[in-house]
Amino acid sequence: MGADLKNVIVFAIAGVRHAAELKWVREVVTLGFVTEIPTAPPGLTGAFNLRGNLVPILDPGVLVGGRPGPMPRQGDGALLVELDGVTAALRVDKVDEVATLQQTPDGLAVLDGRGRIVPLVDPSAVLRRAIADSLATRGDGDGELGPELTVDGLRPVRDPTTGAKTPPGFDGDTTLG
Amino acid sequence: MASGDRDLLVDFDAEELALLRQLFRDEAHDALEQVTTRAQGVTIGEAVAEAVHEMMRVTHTLKGSAGTVGLNDVVDLAHKLEGALAAIRSGQRPWTAAFAEAVVEIADGIRTHVDAFGDPPRAAGLAARVHELLAPWSESRRTVGTMTPPHGTARPELLSRPRRRPPTEPAADVDRDDRDEPASASRSIMLPGSLPASLAADLTSDGVVSDDVDGSASTSLPAMDSSTGYDARTLLRVEPERINELMSAAGELLFDRNRIERRVQLLRTLTRDLGRARQTLRDDTAGVRGASTEALRAAVESRLRAVESQIAALTTQLAQTTAALLDETEAMRRNLGELQSGLTRVRMQTARALFAQLARALRAAARTAGAKVELRTRGEDTEFDKAVAERVTDPLIQILRNAVVHGIEPPAERVLRGKAATGTIRVHARQEGNLVVIEVADDGRGVDVKKLRERFVESGRWSRARAELASDDDVLHALFDPGVSSRDEADELSGRGIGLDVVRETVARLGGEVRMTSTPGRGTTFTLRVPVSTAVSQAMLFKVHGQVYALPNTQVVDTAFVDAGVETWPPGPGGAPVVRLEHLLAVPSIPLPDPPPARRPAVVVQYADQRLVCTVDKLVGPREIVVKQLGPLLAPLPLFAGATISGSGKVQLILDPAALVRAAYPDRPLASPTAAEAAPEALAGRALVVDDSRAIREALTSMLAREGWIVDVAEDGARALALAEQLPYDLIVTDLEMPRMGGFDLIDRLRAEPRTRATPVVIVSSRVTPETRRRAKELTVQGLIAKPLTRRKLLEVLYPETGKRDKG
C-alpha cells in the first residue's frame, strides 16, 4: 500500500498545492468569457462556453472545504473533469506538473519529488458535492437527479403554483379516485 | 367505398376506423407473407396438406378482419383465394407449380390492393387485377361448404336465449342515433400530390438534386434561379413513412388511453363496492353490540366473515387493477416516447434539399463571376434538424461565394497551373456522433499564409511581433475576425457586410464551430461542425448588472419604461407588480447615477395569467436563440430555464418566467383542484375479448366499451384462461381459430372450472358450420356471431330481450 504510485496532476488552488488523479481529468483548459450565475451556491462560480457547450466552473477551494479562490476570469486555467456525463471545470491558480508520485500510507496525499506532502483532491467527490449544493438551492425536497426533458419545443415549464415541472400540454389532469 | 364507410361509422368513429384499418393493414401484410412463404415452402418439398391448411387458416382470418373494417374487396379476394385452396384440399385439383406461382402473385396483388385502400379508384383497379389472377382457379360452386358468405349478411345466432324481435326492425333507430358522427372517415395528410400544381412543380424541381453525385454542375443543377426559386424552407417535407409511424404511435396512444380510462372506471367501481362493504360492516357492528342471544351473535359473526371475504376479494381486485394500470401507464409512457422521437425525426431532413440550394446559389455566383465551377456533393442522406439546416445554409452559401470569387482561378490560369479548366467544389456532409460535419473544399489557389501575415502587418491590424509569433493556423483563422477580407476590394459577390466573421458567428450561435485549412496552389477546405439537432426560439434579451439575460418571447408580452419608485405598472389598481430584476437575481445593483433616472426599462412577463414587470439595466432587444440545456449542475437552480451562447461565444442565461412569477407572488394560494367528474355508474360489467387479430380485438373493445363494459383482451385461449383465473368476468367473447389454444378448447376449460362454468360466452368466428353450432350448444355458449363483425350483431346477441341496442 505504502508504495502505491499514482499518476497525478499537481496544481495550486488558493495558493495551496493539490494533486488529482489524472484519470478524472479530461483536459486542461483556459477559461473563455465567464458568465456569473446569480443565486448559485458558493462553489459554483460561473459558466463558460467550451466549443459550443455550456460548462459550469467550480471553485475546488470551497468544495474541498478550504479557502475560496478568486472569482474565475477569462484566461484562468481549469481542469475539465467528467463524472457520469456531468462535465465541469475546476478553476486552478496554475498547473505545476503531471507526474507519477508516491501515495502516502493514509491514501490522502502524495509525496512530490522533494518529499513534500501534496493533498489529493477527488474531483468526483467535488462534483458530487457541487451537485448536492445546487440541488439544495431548490429547498423543496426535489432531490431527484435527472436529465431535463430535451424534446424540442417541449421544454419543461414549471407550474408557478407547485413548482412541479410538466411539459406543456401534459398537465396531469388525471385524478384517480 | 364511401357508402361502406358511412355504414361503418355506425360502429366506429372516423378516427377509430382509420386506426383499425391501419392495424388491419399490418395484419394483412403478415398474413399474406405467410401465404407466400407457405406456397413457396410447398415448392421446395413441404407437405401440401399442412401448407394448404395453414394458408386457408390465415386467409380466413384475413377475410374476417377485412369485413370488420369494411374492406369488402379484400373479403371477396380472400374468399376466392380460400376457395381455390379448398379445391386443392378436397382433392378436386392437384397442387401444381403454376398454382404455387399464382398464389404468390395473388398474395402480392392483395397486398398492393390493401395498401391502396386510401385511393379507391386505384384500389379497385388493383382488385380487378387480382380477380383476373384468381379467375383460372376459382370455381363457381360452393361445394366446400365451410365458408360463410363473404359479406355481412349472416345474422348472429342466439343459442341459449330466444330472439324476441325481428332483426330488421330497429335498425333505423341505430342508424339515426349514430348519424351524429362525422360522415367523412378520411383525414388527409398534406402531401405534395395535394398541393396546388404550381407549388408541387416547384417542389419537384427545387428539392431534388440529381442522384448523379459526380455529375457536373451544368447538368445536375436544377434549372431554376435562386431569385425565382420557391423557398423550400417554409415547408416541412415529410416522408409518408414517417407520418405513418406517427399515426401508428398516436393510434397506440388512443388505445392506451381507452384502456386506462376503463381501468379508472373499474377503480371507481371498486371504491363504491368497498364503500358498501364498509357500510355493511358498520351495520353489523351495531348489530353485534345489541346482540343478546348466542344464536344472534353467531349469525352476525358469520355475516362479518362474509364481509371480510368480500373485502379480501375486493383487495385482490384492487391490487390486480393497480398492477394492470401500472403496466398500461408504462405502455403509454413508451408510446409517448415513440411519438416524441417520431416528431423529432419529422423535423429532421436530409442534406439533399440543402445541397440543391447550394447548387443553385453556386450556379448564380459562377454566372455572375464568369467562373467555371462544378459542384460535387456527397452524403445527401445525412440527416439533421431542419432548424440547423436553415441556419447553416447562409454561411455555406457565403463560403461557396468566397470560393468562387477568391478561390477558383480563371480557366486560363488553371490550365497554366496544370489544373482542369473547370474548378471543382466538393461539399461533403456526414454525421459524427451528435454533430453534422460539412466540408466545403475547393481546388483553387488556396491562401498564402505568408502574404496574409504581411498584409495584416501592412494594414496595421497586427504588430510585426504578433505576426511573427502567430502560427499559420492562427493567421488563417484570423480571417474569421470581423472586418478582414483576403482580397482588398469589397465585391458584390462575397458580400459587403457578410464575411467569414458572420459565418463563424452564425455557426457559434448554433453551438458549432468552423475550421479552415488551406494549401497554397491546391485549395481551401472549410469544415463546419454543427449539432444534429437544436432548439431555436425567440427571446427578449436584456442586461442586468453587466450580464445579458434572456426571457422566452412567448412569455414577454411587452417592454416598457417604468417611472422610478412605482410599485405597480401601470400605476394604480390593476397594475402588475414592479420588481427589480437585480433583486430577484440577488446581484448587487449598479449604483444609480445622481440624480437617478426618472424611468427605467422593463420587460413585462406574463405566465399563467399572472403579470410581472421586471426592471432591467438595459434592453438589448428580441433575438433568435439556440436553447441549451443547463445540465445537472445548473438545472436545479430555480431561476433559470436554460442558456444560450451569444454570437461572440458568451454564455447567456435564460430566465424561467414561471420562477420569476412565483418569486413575485410567493403567497399565491394553490389553484383549487378541479372537481373530479362524476363517475359513470352504469357499468355493464367486465368482459374479456379473445382474438388473435389485433384489429378485431380493438374493434370489439370499442363496441363493448361503448356499452359500458370494462374490457380486457387476450390474443389466444391460453392467455385468456390465465386472465379468467385471476379476474371474474361477466362476459367472454372469443374467436375460434387461434394459435396455442383455440376457442373451443378455451370454452371447454372454462366450463370445467366452477368459477367460470356459468360465465356467458359469445363466439365470434368466420367459420360457422353445423358442427360449430352443435359444439357451441353443448358448451352452453350464449351466442354465435359470424364475421365480419358488426355492432348490431353483437348487440343482438348481448341484449336480445331489451331495447338496449337502441342506446347510442
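Trp95(B) counts as buried at 17% relative accessibility, where buried means under 20% relative accessible area, exposed over 50% and partly exposed anything in between (1.4 Å probe, protein chains only). Everything here comes from a predicted model, in which local features need pLDDT of at least 70, side-chain atom pairs count only at pLDDT 80 or more, and totals for chains, interfaces and linings use all residues; side-chain values use heavy atoms, with hydrogens and water left out. Residues are numbered from 1 along each chain as its sequence is written, while chains are lettered from A and ligands numbered from 1 in the order in which they are written.

Rings of Phe, Tyr and Trp (its six-membered ring) pair if their centres lie within 6.5 Å; planes under 30 degrees apart are called stacked, over 60 edge-to-face, and the rest tilted. By that rule there are four aromatic pairs over all chains. One of them is Trp95(B) with Phe99(B), an edge-to-face pair at 5.3 Å centre to centre with 80° between the planes. Phe99(B) is buried as well, at 1% relative accessibility. Its ring centre sits 5.0 Å from that of Trp137(B) and the planes meet at 70°, so this pair is edge-to-face too.

Why does the Phe99(B)–Trp137(B) pair tie together separate parts of the chain? Phe99(B) belongs to helix H5 (residues 97-115), whereas Trp137(B) is in the loop between helix H6 (120-134) and strand S1 (157-158) of chain B, so the pair links parts that are 38 residues apart in sequence. Both Phe99(B) and Trp137(B) are buried. Helices (H or I, at least four residues) and strands (E, at least two) are DSSP runs, numbered from the N terminus.

## Chain B at a glance

Chain B comes to 26 helices and 23 strands. Of its 808 residues, 49% count as buried. A contact means heavy atoms within 4.5 Å; among contacts in chain B between residues at least 6 apart in sequence, 70% join residues at least 24 apart. The chain exposes about 37,900 Å², and carbon and sulfur atoms supply 53% of that. Accessible areas come from the Shrake-Rupley method with a 1.4 Å probe, and for residues only the protein chains shown count as cover.

## Strand pairing in chain B

Two strands pair if DSSP finds at least two bridges between them. Strand S5 (residues 423-432) of chain B runs parallel to strand S3 (residues 373-378), with six bridges joining them; here Thr377(B) stands opposite Val427(B). S5(B) also pairs with strand S6 (residues 435-442), this time antiparallel over eight bridges, and His428(B) faces Glu439(B) across that pairing. S5(B) and S6(B) make a hairpin with two residues between them, and Gly433(B) in the turn has a positive phi of about 60°.

Further along there's an open sheet of five strands in the order S11-S14-S15-S13-S12 (chain B), with mixed pairing. Its edge strands are S11 (556-563) and S12 (568-569), each pairing on one side only. Within the sheet, S13 (residues 576-580) and S15 (residues 610-615) pair in the parallel sense over three bridges, and Val579(B) stands opposite Cys614(B). Helix H21 (residues 657-664) of chain B packs on this sheet, touching S13, S14 (599-607) and S15, at about 95° to the direction of S15(B). Axes are lines fitted to C-alpha atoms (for helices, over the stretch in contact), and angles run from 0 to 180 degrees between N-to-C directions.

## Chain A

Chain A has two helices and twelve strands, running β-β-β-β-β-α-β-β-β-β-β-α-β-β from the N terminus on. Buried residues make up 46% of its 177 residues. Of the contacts in chain A with a separation of 6 or more, 54% involve residues 24 or more positions apart.

Five of its strands form an open sheet with mixed pairing, ordered S3-S6-S7-S5-S4 (chain A). S3 (25-30) and S4 (44-50) of chain A each have a single partner strand, so one side of each is left without a neighbour in the sheet. Neighbouring strands are turned by 35° against each other on average, direction ignored. S6 (residues 77-83) and S7 (residues 86-92) of chain A pair antiparallel over seven bridges, with Gly77(A) opposite Val92(A). Helix H2 (residues 123-136) of chain A lies across S5 (53-58), S6 and S7, at about 80° to S6(A).

## Between the chains

Lys650(B) lies over the face of Phe33(A), at 4.4 Å from the ring centre. A charge sits over a ring if NZ of Lys or CZ of Arg is within 6 Å of the ring centre and within 35 degrees of the ring normal.
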